[in-house]
Amino acid sequence: METIRLAPGKKNAARLAAHLVFVDESGFLLIPSVRKTWSPVGQTPVLPHRYSHDRISAISGISLSPKRFRCTLYCQLYEDNIQNEEVAVFLCHLLHQIRGHLIVLLDNGQAHRGESVQELLARTTRLHLEPFPRMPPS
């Protein structure tokens, strides 16, 4: 097993007794995926469906508690694309649900660096955002 060494002076979960939360968002198209089906010989199957380009966006986080190493899933759903306001609302939700410090690991997406998220960071000392490291070029 490989050990990970943190840089001196860098915030870490053990020192803060913080929850680690891995956050990301995703979008889903709500269109039917049935293309072929079976039916009795001579009877053309009819597959009724409403074909529209509806979608749903989800932001979720998996938290790891510092002492008992328990995992918990947090999720919020939206009808539109997730912007920085929704990320800030989700982070506020995490702050209300989880006691103590939170180290939130997320990708370097634009929604994670927006004005609403920066205002939230300025208002609280319990929230620490850490970007995932960039992948080395192959």
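Analyst: Happy to; we can go through the core, a histidine and a surface patch in this predicted model.

User: Great, core to begin with. Which residues touch the most other members of the largest nonpolar core?

Analyst: Those are L91, L94, L102 and V104, in a core of 19 residues. Strand 1 (19-29), helix 2 (84-97), strand 4 and helix 3 are the elements that each give two or more residues to this core.

User: And which element gives the most?

Analyst: Helix 2, with six residues.

User: What does L91 touch, skipping residues up to four places away in sequence?

Analyst: L91 touches V104, V117, L120, L127 and L129.

User: Switching topic: where is H112 found?

Analyst: H112 sits in the loop between strand 4 (102-106) and helix 3 (115-123).

User: Is H112 buried or exposed?

Analyst: H112 is buried, because its relative accessible area is 3%, under the 20% cut-off.

User: Nice. Now the surface: which residues make the nonpolar patch?

Analyst: F22, I62, L73 and F132 make a nonpolar surface patch of about 390 Å².

User: Why does L73 count as exposed?

Analyst: Because the relative accessible area of L73 is 61%, over the 50% cut-off. L73 lies in strand 3 (residues 71-78).

Conventions:
Residues numbered from 1 in each chain as written. Predicted model: local features only at pLDDT ≥ 70, side-chain atom pairs only at ≥ 80, totals over all residues. Heavy atoms only, no water. Helix = DSSP H or I, 4+ residues; strand = E, 2+ residues; numbered from the N terminus. Buried < 20%, exposed > 50% of the residue type's maximum accessible area, 1.4 Å probe, protein only. Patch = residues over 30% accessible without salt bridge, like charges linked within 9 Å, V, L, I, M, F, W, Y side chains within 5 Å. Areas by Shrake-Rupley, 256 points an atom, 1.4 Å probe, with all protein chains shown as cover. Salt bridge = Lys/Arg side-chain N within 4 Å of Asp/Glu carboxyl O. Core = buried A, V, L, I, M, F, W, Y, C linked by side-chain atoms within 4.5 Å. Contact = heavy atoms within 4.5 Å.
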